[in-house]
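The following note sets out several points on the model shown below. Each may be checked against the coordinates.

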Amino acid sequence: MKEIDERGRNCPLPVIDTKEAIISGSSGDELCIIVDNNIAVQNVKKLLKHFSMESKTDIISETEFRIYTVINKNETITERNNENVNQKSEEETVSCFHDIIKKGQVIVISSDQMGEPNEELGKLLMNGFIFALLKQDKLPEKIIFYNGGARLSCEGSQVLEDLKEMSAMGVDIITCGTCVKTLGIEDKVQVGRVSNMYEICELMTNAGSLVKP
C-alpha cells in the first residue's frame with residue numbers, strides 16, 4: 001500500500017498530490033492518504049468520487065485522518081470518456097434555472113466588507129450588495145467566498161438568509177475550506193458547500209465573466 005502523507009500541507013496540495021498518485025498508479029494499487037483536518041478529508045473524498053473510486057476513512061486522532069482507496073483505471077477511463085456526457089447532464093440541470101441564472105458568471109468575495117477604510121460602512125455596503133444581487137433579474141451561476149469573505153456564509157452572517165434564498169434558486173455557493181479552518185469557523189458554514197483552492201482556481205480561470213465587488 002502506498003502512503004501519501006499530506007499532514008502539514010495546505011490546500012490544494014493534498015488534492016493535487018492524490019490526483020497525481022491516481023494518474024501515475026496502476027489499477028489495483030492501494031492508496032492511503034493521510035491528512036490532518038476534516039476539510040482535507042472532504043476535499044480528497046470529492047476527488048476520489050470524481051474518479052468513481054470508493055473510499056474509507058479512519059479517524060486516528062484529531063489531527064490524523066487516513067483515507068483508504070484502490071485505484072480503478074477502468075472506472076477512471078470511463079469517467080473521463082463520459083466527461084462530455086456529465087457536462088451535458090450538469091448543463092441540463094442548470095437549464096432548469098435558465099430564466100434566472102446567468103451561466104458562466106462567477107462572483108468572488110474576499111472580505112465581509114466592501115471597500116475601505118470605514119469598516120462599518122464597508123460591511124453595510126457588502127450587505128447591500130448581496131441583497132441587491134438577490135434582486136437582480138439574472139443571478140450569478142456561482143458565488144465564491146474566501147479569506148474574510150468566508151464569514152458571510154457562516155452562522156451569524158447578516159446576509160445568510162439572502163444566500164440561502166439564492167442557493168435554493170440554483171446558485172452554487174462555495175466557501176474556501178482553508179479559510180474557514182484558519183478562521184476557526186469550519187463548523188459554522190450554513191449555506192452551500194466547502195471546497196478547495198484547486199477547484200476555486202479552476203472555476204475562476206474558466207469563468208465566462210468574473211465579478212469582484
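Which residues have the most contacts inside the largest nonpolar core?

1. Basis of the note. This is a predicted model, in which local features need pLDDT of at least 70, side-chain atom pairs count only at pLDDT 80 or more, and totals for chains, interfaces and linings use all residues. Residues are numbered from 1 along each chain as its sequence is written, and side-chain values use heavy atoms, with hydrogens and water left out.

2. The largest core. Ile-109, Ile-130, Ile-143, Leu-163 and Met-166 have the most contacts inside the largest nonpolar core, which has 19 residues. A nonpolar core is a set of buried Ala, Val, Leu, Ile, Met, Phe, Trp, Tyr and Cys residues joined through side-chain atoms within 4.5 Å; buried means under 20% relative accessible area, exposed over 50% and partly exposed in between (1.4 Å probe, protein chains only). Two or more residues of this core come from each of β5, α5, β6 and α6, with α5 giving the largest share, five residues. Helices (H or I, at least four residues) and strands (E, at least two) are DSSP runs, numbered from the N terminus.

3. A second core. A separate core of 17 residues includes Val-15, Ile-22, Leu-48 and Phe-51.

4. Helix α5. The buried residues of α5 are Gly-122, Met-126, Asn-127, Phe-129, Ile-130, Leu-133 and Leu-134. They lie on the same side of α5 because their arc around the axis is only 155°, taken from the directions from the helix axis to the C-beta atoms. Glu-120 and Leu-124, on the other side of α5, are exposed. The cover over the buried residues includes β5 (101–109), β6 and α6. Ile-130 touches Ile-109, Val-159, Asp-162, Leu-163 and Met-166, leaving out residues up to four places away in sequence; contact means heavy atoms within 4.5 Å.

5. Start of α5. A side-chain oxygen of Asn-118 comes within 3.2 Å of the backbone nitrogen of Glu-120.

6. Cys-154. This residue lies in the loop between β6 (139–145) and α6 (160–168), yet Cys-154 counts as buried because its relative accessibility is 3%. Beyond four places in sequence, Cys-154 touches Leu-160, Val-180, Ile-185, Lys-188, Val-189 and Gln-190. Its C-alpha atom is 10.0 Å from that of Gly-192, 38 residues apart along the chain.

7. Asp-172. Located in strand β7 (residues 172–176), Asp-172 is buried, with a relative accessible area of 19%. Not counting residues up to four places away in sequence, Asp-172 touches Glu-141, Lys-142, Ile-143 and Arg-193.

Key. Polar contact = N/O pair within 3.5 Å; in protein donor to acceptor, adjacent residues only side chain to side chain.
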